[in-house]
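Subject: Structure handover

Hello,

Here is the structure I said I would pass on. My notes on it follow below.

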Amino acid sequence: MDRREFTASLVAGGCAGMCVDLTLFPLDTIKTRLQSQQGFYKAGGFRGIYAGVPSAAIGSFPNAATFFVTYESTKSLFTGYSATNLAPITHMLAASLGEIVACLIRVPTEVVKQRTQANPSLNTYRVLLNTLQEEVLYVYTVSLTYSELIPFSLVQFPLWEYLKAVWWRRQGGRLDSWQAAVCGALAGGVAAFVTTPLDVAKTWIMLAKAGTSTASGNIPKVLYEVWRSRGIPGLFAGSIPRVTVISMGGFIFLGAYEKMRRTLL
């Protein structure tokens with residue numbers, strides 16, 4: 001990857017991340033409260049729907065920019081495999097590495113954002129101070145990364161690249177940005193649904209108080225606790241708004257990224 005491609009991925013990724021996170025923030029708040037251990041209405045219901053937005057605004061650009069720079073850099077290292085049967089593995093590897101690096105930025109902002117969403121009476125600054133006093137933010141890094149983000153990206157990005165390639169071939173080597181956006185919406189919706197139980201576990205862990213068994217970050221144990229207390233519906237709590245948000249987000253995020261990157265290149 002040369003300097004121009006690096007800059008294009010950085011700027012396009014960051015701008016796309018801010019665009020989607022701020023546009024769909026209210027739906028993300030509803031999803032978080034539906035998954036909250038205390039229940040939707042006790043977590044705030046429809047009140048303070050923009051609670052936690054400062055955290056999202058601060059973290060969006062560097063988080064998405066870091067992901068796409070890593071994703072595109074990894075893909076460029078394996079350019080020779082992109083036209084072979086190994087292409088999905090290349091995309092999986094690139095997406096996984098991208099998520100691991102981006103998590104260094106995403107974890108603290110995500111913890112503060114979700115805790116503020118579930119406690120709308122508190123502001124972002126107060127939630128940040130409380131979290132720092134109780135524990136170290138990065139204790140959630142492993143839970144967040146392995147509970148949702150890597151499995152989600154392992155489904156979304158190979159599927160996105162595959163759908164784009166199929167559409168590109170059927171149109172004789174041409175693919176518009178809006179078509180890449182449609183592929184992003186489909187890939188995001190599928191990935192969102194199949195990883196909903198892991199997202200529920202992540203939400204319970206992030207909203208748990210320090211010192212509790214849930215806060216320990218044991219994913220299988222939390223999944224079992226959710227299943228035992230709420231059954232299968234509990235494991236898929238918030239799946240409708242989650243699929244809706246991520247499908248719309250995939251359209252905006254990946255469509256905007258493709259458009260901006262092509263423009264900058």
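Contact here means heavy atoms within 4.5 Å. Buried stands for under 20% relative accessible area. Please keep in mind that this is a predicted model.

I began with helix α2, residues 25-35. Of its 11 residues, 9 are buried, so the helix is largely enclosed by the rest of the structure. The buried residues of α2 are Phe25, Pro26, Asp28, Thr29, Ile30, Lys31, Thr32, Arg33 and Gln35.

In the model, the span 4-77 is 76% helix and 0% strand, and its end C-alpha atoms lie 16 Å apart.

The other item is a pair of helices. Two packed helices are described by the angle between their axes and the distance between the axes. For α8 and α9 (residues 219-235), the axes come within 10 Å and cross at roughly 115°. That makes α8 roughly perpendicular to α9. Their crossing is right-handed. On the α8 side, the contact is made by Thr196, Pro197, Leu198, Val200, Ala201, Trp204 and Ile205. On the α9 side, the residues are Ile219, Val222, Leu223, Glu225, Val226, Ser229, Arg230, Gly234 and Leu235. By type, the residues of this contact divide into 11 nonpolar, 3 polar and 2 charged.

Regards

Conventions
Residues are numbered from 1 along each chain as its sequence is written. This is a predicted model: local features need pLDDT of at least 70, side-chain atom pairs count only at pLDDT 80 or more; totals for chains, interfaces and linings use all residues. Side-chain values use heavy atoms; hydrogens and water are left out. Helices (H or I, at least four residues) and strands (E, at least two) are DSSP runs, numbered from the N terminus. Buried means under 20% relative accessible area, exposed over 50%, partly exposed in between (1.4 Å probe, protein chains only). Axes are lines fitted to C-alpha atoms, for helices over the stretch in contact, and angles run from 0 to 180 degrees between N-to-C directions. Angles under 35 degrees count as roughly parallel, over 145 as roughly antiparallel, 65 to 115 as roughly perpendicular and the rest as oblique. A crossing is left-handed if the near helix is turned anticlockwise from the far one by less than a right angle, and right-handed if clockwise. Ala, Val, Leu, Ile, Met, Phe, Trp, Tyr, Cys and Pro count as nonpolar, Asp, Glu, Lys and Arg as charged, and the others, Gly among them, as polar.
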